[in-house]
Amino acid sequence: MIQVKDLTFKYREGSSPVVRNVSLQIPDGQFVGITGAAGCGKSTLTYAFNGIIPHCYPGDFYGSVTIDGKDTVETSLTDISQIVGSVCQDIDSQMVSSVVEDEILYGLENFAVPKDQVQQRVDDALEAMGISDLRDRVIASLSGGQKQKVAVASIIALNPRVMVLDEPTAELDPASSHAVFELLARYARERNITVIVVEQKIALLSEFVDRLLIVQDGQIAFDGAPAQVLEHSQELLEIGVNCPRSTSLSVALRQQGLFDGPVCRTVDQAVSLCQEVIA
């Protein structure tokens, strides 16, 4: 679905590339998490996935990015957006309507979704995000977390083949964050949608994603299944990436010779580990 070859990008006003020599292949239906220290280039990388780079941000673009076989340089942003649905980090800049239902309708009408499908898609998207009660609310009256849910709902309603979300749970409480990730994982699995999430909450990423990318200084430092990447917990800490507490616990127990299995990624795994050690 997404193929990146030797991508390097420097913003016009920048003095050096923000993304350097990145090559990736992301297949249909894979749930990919991206994280790294602040300013490492992870958001810029997602801009290349949804066409914002090179179409909206001028700069020096080297290499290539193809989405479903379409080169993003040669394909219009309008055509890319019919394949890739995006939720930006700055939610307010993404809102185009004043009322929640109108925000979701906007994309459906823009892409000429058949009229007999529109209402069901709106209903399903609102229900999926648990915000049916906000349908008639004025967006300006919503909390940051509610706005994030509206933004995700507006993308879900479009049924894109790729979803790119930049910190979609930044304003959400732990329960809501968990629910959003459960939804994204289910969509990737059941609808074969490629989902890419930039997120600082590495515990959520390690629990739900199929693949974890760690970005350091504009390059991919680690790439693999979460359990494989978290084996490098000490190296991750050195580049500014905190591991889940369950991982830190299992690593500490291994160092003390009390455990020799794979690192834990979830609280449930950590509980089972502790029970095993105590027994």
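1. The largest nonpolar core has 54 residues, and within this core Phe31 and Leu236 touch the most other members. Helix 8 (residues 174-191) supplies the largest share of this core, seven residues. Please keep in mind throughout that this is a predicted model.

2. A second, separate core is made up of 31 residues, including Val32, Ala48, Ile80 and Val162. As general background, nonpolar side chains tend to be buried together in soluble globular proteins.

3. Which residues does Leu236 touch, not counting those up to four places away in sequence? They are Ile214, Phe222, Val229, Leu230, Val241 and Cys243.

4. Helix 12 (residues 245-255) has Ser246, Thr247, Ser250, Val251 and Leu253 as its buried residues. Viewed down the axis of helix 12, these buried residues fall within an arc of 165°, so they line one face of the helix. Arg245 and Gln255, on the other side of helix 12, are exposed. The cover over the buried residues of helix 12 includes helix 10 (226-230), helix 11 (233-238) and helix 13 (267-278). After helix 12 comes Gly257, which has a positive phi, near 75°.

5. Six strands form an open sheet in the order 6-7-8-3-9-10, and the pairing is mixed. Strand 6 (84-87) and strand 10 are at the edges with a single partner strand each, so one side of each has no neighbour in the sheet. From one strand to the next, the twist averages 15°.

6. Val87 is opposite Leu165 in strand 7. Helix 7 packs on the sheet, where helix 7 touches strand 6 and strand 7, and the direction of helix 7 makes about 175° with that of strand 6.

7. Is strand 1 (residues 2-11) largely enclosed or left open by the rest of the structure? Seven of its 10 residues are buried, so strand 1 is largely enclosed. Strand 1 pairs with strand 2 in the antiparallel sense, over five bridges, and Ile2 stands opposite Ile26 in strand 2. Strand 1 also pairs with strand 4 (residues 59-67), again in the antiparallel sense, over eight bridges. Lys5 has Ser64 in strand 4 as its bridge partner.

8. On the charged pairs, a search of the whole structure finds eight salt bridges. One of them joins the side chains of Asp28 and Arg161, at 4.0 Å from N to O. Asp28 lies in the loop between strand 2 (19-26) and strand 3 (31-36), and Arg161 in the loop between helix 7 (144-156) and strand 7 (162-166), so the pair ties together parts that are 133 residues apart in sequence. The 4.0 Å value deserves a note, because the criterion for a salt bridge is a separation within 4 Å. Asp28 is partly exposed, with a relative accessible area of 39%, and Arg161 is partly exposed at 38%. Asp28 and Arg161 are also linked with Asp68 in a network of salt bridges.

9. Asp123 and Arg135 form another salt bridge through their side chains, at 2.6 Å from N to O. Asp123 lies in helix 6 (residues 115-128) and Arg135 in the loop between helix 6 and helix 7, so this pair ties together parts that are 12 residues apart in sequence. Asp123 is partly exposed, with a relative accessible area of 26%.

10. The side chains of Arg211 and Asp223 also meet in a salt bridge, at 2.8 Å from N to O. Arg211 is in strand 9 (residues 211-216) and Asp223 is in strand 10 (residues 219-224), 12 residues apart. Which of the two is buried and which is partly exposed? Arg211 counts as buried at 11% relative accessibility, whereas Asp223 is partly exposed, with a relative accessible area of 39%.

Key. Residues are numbered from 1 along each chain as its sequence is written. This is a predicted model: local features need pLDDT of at least 70, side-chain atom pairs count only at pLDDT 80 or more; totals for chains, interfaces and linings use all residues. Side-chain values use heavy atoms; hydrogens and water are left out. Helices (H or I, at least four residues) and strands (E, at least two) are DSSP runs, numbered from the N terminus. Buried means under 20% relative accessible area, exposed over 50%, partly exposed in between (1.4 Å probe, protein chains only). A nonpolar core is a set of buried Ala, Val, Leu, Ile, Met, Phe, Trp, Tyr and Cys residues joined through side-chain atoms within 4.5 Å. Contact means heavy atoms within 4.5 Å. The arc is that of the directions from the helix axis to the C-beta atoms. Two strands pair if DSSP finds at least two bridges between them. Axes are lines fitted to C-alpha atoms, for helices over the stretch in contact, and angles run from 0 to 180 degrees between N-to-C directions.
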